Amino acid sequence: MGKGGNQGEGSTERQAPMPTFRWEEIQKHNLRTDRWLVIDRKVYNVTKWSQRHPGGHRVIGHYSGEDATDAFRAFHLDLDFVGKFLKPLLIGELAPEEPSLDRGKSSQITEDFRALKKTAEDMNLFKTNHLFFFLLLSHIIVMESLAWFILTYFGTGWIPTLVTAFVLATSQAQAGWLQHDYGHLSVYKKSIWNHIVHKFVIGHLKGASANWWNHRHFQHHAKPNIFHKDPDIKSLHVFVLGEWQPLEYGKKKLKYLPYNHQHEYFFLIGPPLLIPMYFQYQIIMTMISRRDWVDLAWAISYYMRFFYTYIPFYGILGALVFLNFIRFLESHWFVWVTQMNHLVMEIDLDHYRDWFSGQLAATCNVEQSFFNDWFSGHLNFQIEHHLFPTMPRHNLHKIAPLVKSLCAKHGIEYQEKPLLRALIDIVSSLKKSGELWLDAYLHK
């Protein structure tokens with residue numbers, strides 16, 4: 001009986017020819033209840049697996065009906081390990097006459113990009129300098145200690161309080177960039193160590209949730225600046241972004257807010273409120289609703305440490321106000337840095353570009369300097385970070401010249417600008433989108 005069972009489930013199956021599919025058929029399976037995708041010409045049914053996917057079901061769903069090879073390789077460190085999870089999901093392969101890429105994506109650009117990634121690997125650009133990240137963590141802890149020292153020795157007057165708030169806001173911003181490194185698995189070779197330290201940094205040092213960040217941020221990386229796929233451009237009718245959205249809102253006579261003034265009210269509800277109100281509420285509710293008790297415990301440890309430290313100085317209510325003022329300051333820093341690379345770029349529906357072209361359409365860089373690198377957590381190299389999200393940030397400047405060369409070869413614009421220009425362009429972009437909306441609203 002055992003031998004017969006082995007023949008039925010093993011040798012017979014191995015002898016059966018692998019089913020083949022055409023892109024026309026694969027592209028039909030792009031629903032939440034029916035998801036197929038292609039990796040290295042193999043076709044996988046990820047419908048049920050997507051609910052257990054560590055990065056969340058949405059990020060894997062964004063590639064339903066598509067070739068996901070480069071996205072798969074970009075997000076995972078150990079391809080052999082994660083490949084084990086793919087084997088039970090394999091249902092066939094592309095028909096021999098079908099191209100490896102769907103929807104006319106450029107095979108030449110894709111081939112050149114993969115060669116570039118191989119060059120980066122040969123140059124050891126995915127190898128971490130652990131001293132670099134130790135110093136980053138150390139300077140965050142030093143700032144946390146300095147904040148306590150200032151209040152202890154200089155009292156709680158207005159000047160010491162303001163100085164302390166700015167020191168802690170700086171610490172929080174830098175912890176935000178550091179958790180970003182661990183979240184992208186760009187520090188340790190083993191994913192598990194990245195995950196553990198990620199929970200410590202984002203949970204204990206910031207009071208946020210690693211899983212919330214993962215599920216949100218990986219969607220952004222998978223399909224940056226794509227409506228209905230990138231949560232970072234889901235503006236809840238507060239802003240209209242890019243060109244397509246303002247035109248659609250204008251044609252449909254949608255006016256939730258006076259969007260022609262969005263570049264002005266951005267200063268009132270964008271940078272000041274994102275972290276202290278929207279993110280803070282969303283993070284807490286997400287951890288509770290998903291019963292994410294591990295992340296909740298890490299976040300609670302942050303609040304316990306913060307209030308234990310500052311209630312003796314300000315009392316319960318004062319410490320609460322102090323916390324939100326720190327987050328108010330950090331929010332300005334976070335919003336301006338994160339939007340200078342994306343908000344000014346193309347924001348549209350999915351055009352199903354190849355990995356390289358899609359990332360270049362949605363990202364731009366800010367010039368390198370010691371201050372810019374520190375201030376932005378090396379997100380001034382947003383192009384290279386998006387192309388190689390697991391590359392340690394201290395190596396991004398090394399691969400940048402090769403990325404520029406590849407862009408030049410294929411006639412793809414590589415945008416790089418001074419920091420001040422990048423910040424001003426945020427407002428200019430909002431103004432332009434608002435004007436497009438007003439014109440469409442009044443005349444179409």
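Leaving aside its neighbours within four places in sequence, which residues is G250 in contact with? I shall begin with that residue, and I note at the outset that the structure before you is a predicted model.

The partners of G250, once those sequence neighbours are set aside, are W437, A440 and Y441. G250 itself belongs to helix α11, which covers residues 244–251. Its relative accessibility is 0%, so G250 counts as buried, the cut-off for that term being under 20%. As a point of reference for distance, G250 and E367 are separated by 117 residues in sequence and by 36 Å in space, taken from C-alpha to C-alpha.

I turn next to helix α10, residues 210–222. This helix has 13 residues and spans 18 Å between its first and last C-alpha, close to the 18 Å expected at 1.5 Å a residue.

In soluble globular proteins, nonpolar side chains tend to be buried together. Here the largest nonpolar core has 50 residues, and those with the most contacts inside it are W355, F356, L360, L387, F388, I399 and V403. Helix α18, residues 396–410, supplies the largest share of this core, namely six residues. At least three residues of the core come from each of domain 1 (20–104) and domain 2 (105–443).

A second, separate core has 27 residues, W177, F266, L343 and L379 being included.

Finally, the sheet. Five strands form an open sheet with mixed pairing, in the order β1-β5-β4-β3-β2. Why is one side of β1 and of β2 left without a neighbour in the sheet? The reason is that β1 (20–21) and β2 (30–31) stand at the edges, each with a single partner strand. Further in, strand β4 (residues 42–45) pairs with strand β5 (residues 90–94) in the antiparallel sense, over three bridges. Within β5, E93 is the residue opposite K42.

Methods
Residues numbered from 1 in each chain as written. Predicted model: local features only at pLDDT ≥ 70, side-chain atom pairs only at ≥ 80, totals over all residues. Heavy atoms only, no water. Helix = DSSP H or I, 4+ residues; strand = E, 2+ residues; numbered from the N terminus. Buried < 20%, exposed > 50% of the residue type's maximum accessible area, 1.4 Å probe, protein only. Contact = heavy atoms within 4.5 Å. Expected span 1.5 Å × (residues − 1). Core = buried A, V, L, I, M, F, W, Y, C linked by side-chain atoms within 4.5 Å. Domains from an automatic or database assignment. Pairing = 2+ DSSP bridges.
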